[in-house]
Amino acid sequence: MSSSIRLSTSVASSHSRIFNIIALHKHGIHIPNHVSIPRPIAATHSKVLISENLKITAARQVKPVPAGEIEVDRVTEAELKENGFRSTRRTKIVCTIGPRTCGFEELEALAVGGMNVARINMCHGTLAWHLAVIQRVRRLNEEKGFAVAVMMDTEGSGIHMGDLNGSESAKAEDGEMWTFTVREFDSPCPDRTITVNYDGFAEDVKVGDELLVDGGMVRFVVVEKIGPDVICRCSDPGLLLPRANLTFWRNGSLVQERNAMLPTISSKDWLDIDFAIAEGVDFIAVSFVKSAEVIKHLKSYIAARSPDCQTAVIAKIESVDSLKNLEDIIKASDGAMVARGDLSAQIPSEHVPSVQENIVQLCRQLNKPAIVASQLVESMIEYPIPTRAEVADVSEAVAQQADALMLSGESAMGQYPEKALSVLRSVSLRIERSSREKKRSDSLELPTISFSLPASISEQLCNTAAKMANKLEADALFVYTQTGQTASLLSRNRPDCPIFAFTPTASIRRRLNLQWGLIPFRLNFTDNMESNLNRTFSLLKARGMIKSGDLIIVVSDVLQSVQAISVP
C-alpha cells in the first residue's frame with residue numbers, strides 16, 4: 001500500500017504544478033488512535049485504495065454528449081446559467097404539505113420557489129391523501145426535472161388535540177371558555193369543544209394547571225373539571241391547529257409523568273412507517289425521541305422489512321428526554337430536527353436559542369444534517385410579510401449554517417405559502433453571501449469521526465479538498481459518489497463554493513438534497529476518472545452550467561483522490 005499521494009493539477013495554464021499531500025499514518029494525514037492499520041495481505045487479494053503516483057492533468061476536450069444524460073434540478077440550472085456559481089443557495093428548505101399546497105400545480109410552484117424536501121405530517125390527513133401527495137411529488141420530479149425528496153413525519157405518542165371538526169384552524173380569544181374532553185362524538189363537537197387523544201387527560205390535570213397548545217402558541221388555565229370534561233379559560237389567545245400537541249404545567253413546572261409512560265412510536269406510527277417503507281419515502285422523522293435505542297430499533301425494523309430500502313431516519317429533538325440523550329440520539333440517527341415549538345413547551349423559551357445552536361453544531365461535528373423547524377415565519381400564516389423578528393430568527397439559523405430550514409403551518413395551511421418560501425430563500429441567499437464577503441472564519445472544530453482506515457482517508461481528503469477550494473477560490477467542488485458519504489463529508493466542511501455531487505442513484509440524489517451546499521446530479525460514471533471528467537465537462541458546458549477557465553476541485557470516493565482542474 002502506498003504511503004503518499006501525489007496529485008497533479010492543471011490550473012488554466014500548460015504548466016503543471018504538483019500538490020504533494022503526504023498521506024497515511026506518519027506522513028501527514030492524521031489517522032486517529034482508534035483506527036486500526038491493517039496488516040499487509042497477499043498481493044493476489046490486495047485492493048489498492050490510493051495509487052502511488054496519481055497524476056491527473058487537465059481534461060481534454062471531447063465530443064459533447066447529449067445533455068439528457070445528466071439530471072439536475074432545473075431551477076438550480078437556471079440560476080447557474082444566469083448568475084454563476086456564487087448565486088446558488090446553500091441552505092436547504094423543507095416545506096410541509098397541506099390543504100393549501102397538495103395539488104400538482106401548487107407543488108410545482110413550491111419546487112420552482114426553492115423547495116428541496118416535501119414533508120407530510122401524519123398528524124393530519126388519511127393514508128390515501130398522503131399517497132396522492134407522494135405520487136404528485138414523484139411525478140413532478142419525473143416530468144419537470146426536480147429532485148424533491150419526501151419526508152414523512154410520525155405523529156408520535158404525545159398528547160394531541162382532535163381535528164377541530166375538519167376545520168383548518170380555530171381562533172381562541174382572550175377570556176373565552178373552552179372545553180377539552182376525552183369523549184367521542186358521533187356528530188361534530190359542540191362549539192369551543194376540543195377532543196383529546198389521551199384517555200387519562202381529565203384525571204391527570206388539576207384546577208389551576210396551565211395548558212399549552214403547540215408549545216405555547218395558545219394558553220389556557222384549567223378552571224373546572226366535570227367528569228371527562230376539562231373547562232379552561234384562554235389566557236393567551238391565538239390560532240388553534242388540528243392535532244396540535246398539548247402539554248400542561250403545574251406550579252411553573254412541566255408535568256412529565258404521563259408523557260414519560262407513553263411509547264415513542266405508537267401503534268399508529270408503526271402502520272404509518274410500514275406505509276412509508278412501501279412507498280419508498282426518503283426520510284422518516286420520528287417524533288418525541290427519548291433515546292438512541294428507539295432510532296436503532298426503527299433502523300433495524302426498516303432493514304428487516306426492506307433490505308434494499310435507503311430511507312433515512314431523522315430524530316426530532318423536542319423534549320427534555322431528547323436533550324438528556326442528545327449526542328447518542330444524533331449518532332444513531334441520520335439527522336436531527338430542532339422542533340422548537342414543542343421544545344419550548346418543555347424548557348424555558350429563553351433556553352431554546354442556545355439549545356438550537358448546540359444541536360446544529362453537534363450535528364455538523366457528527367456529520368448529520370440539522371433542520372431548524374417551527375415558527376420561522378409563523379405570522380405569514382395570516383399575513384403576506386414576516387415580522388422583523390422572524391427575519392432575524394431565520395438569519396440566525398442560516399448564520400449558524402444549519403443544513404435546512406422548515407416551513408410548517410406557513411406552507412401547509414397558510415394564506416401565503418409561496419411568499420413564506422420566498423422569504424426563507426432570499427434571507428438565506430443574503431446571509432450566506434454576507435458571510436462569504438466578510439470571510440468569516442469558521443471556528444467550529446470538526447473532530448475525526450471515522451472508525452476505519454479507508455473512511456479516515458476519505459474524511460481527511462474531503463477536509464483537504466475543502467481547504468484547497470477556499471484557498472484557491474475555486475468555482476466549485478465536484479464529487480463523484482456512490483453512497484453520498486463523500487459528498488456529505490465535503491458539506492460538513494462548509495466550503496465557500498457550491499458542491500456538485502454526482503451519483504448514479506436517484507434515491508441518493510434526493511437524500512443529498514437535504515444537505516448544506518450540495519447540488520445533486522444524477523450521472524452514471526466509471527472508475528476511469530479522466531473519462532468521467534471529460535464527459536461531465538462536456539455535458540455541463542453543453543447546458544451552459546460551466547465554462548472554459550472555471551477552476552474545479554474534484555473529489556472521488558471511487559478512487560479516493562483530490563485534484564484541481566481548470567475546465568478546458
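Which loop holds Asn 116? The views below are taken from a predicted model.

**View 1. Asn 116 sits in the loop between α2 and β4.** Helix α2 covers residues 104-113, and strand β4 covers residues 117-121. Asn 116 counts as buried, at 9% relative accessibility. Its side chain has two polar partners to show here. One is the side chain of Arg 89, in a polar contact at 3.2 Å. The other is the backbone nitrogen of Ile 93, 2.9 Å from a polar atom of the Asn 116 side chain. Beyond its neighbours within four places in sequence, Asn 116 is in contact with Arg 89, Lys 92 and Ile 93, with Ala 147, Val 148 and Ala 149, and with Asn 513.

**View 2. Glu 79 and Arg 425 form a salt bridge between their side chains.** The N to O distance is 2.2 Å. Glu 79 is buried, with a relative accessible area of 14%. Arg 425 is partly exposed, at 24% relative accessibility.

**View 3. Asp 236 and Arg 219 meet in a salt bridge through their side chains.** N and O are 3.4 Å apart. Here the partners come from two strands: Asp 236 from β11 (residues 229-236) and Arg 219 from β10 (residues 218-226). They are 17 residues apart, and the pair links distant parts of the chain. Asp 236 counts as partly exposed, with 35% relative accessibility. Arg 219 is also partly exposed, at 22%.

**View 4. Asp 272 and Lys 268 pair within helix α6.** Their side chains meet in a salt bridge, 2.7 Å from N to O. The helix spans residues 267-279. Because the two residues are four apart in this helix, about one helical turn separates Asp 272 from Lys 268. Asp 272 is buried, with a relative accessible area of 4%. Lys 268 is partly exposed, at 35% relative accessibility.

**View 5. Asp 272 and Lys 268 belong to a network of salt bridges.** Glu 155 and Arg 243 are the other members of this network. Across the structure, the salt bridges number 29. Among them are the Glu 79 to Arg 425 pair, the Asp 236 to Arg 219 pair and the Asp 272 to Lys 268 pair.

Note on methods: Residues are numbered from 1 along each chain as its sequence is written. This is a predicted model: local features need pLDDT of at least 70, side-chain atom pairs count only at pLDDT 80 or more; totals for chains, interfaces and linings use all residues. Side-chain values use heavy atoms; hydrogens and water are left out. A salt bridge is a side-chain nitrogen of Lys or Arg within 4 Å of a carboxyl oxygen of Asp or Glu. Buried means under 20% relative accessible area, exposed over 50%, partly exposed in between (1.4 Å probe, protein chains only). A polar contact is a pair of N or O atoms within 3.5 Å; within protein, one must be able to donate a hydrogen and the other to accept it, and residues adjacent in sequence count only if both atoms are side-chain atoms. Contact means heavy atoms within 4.5 Å.
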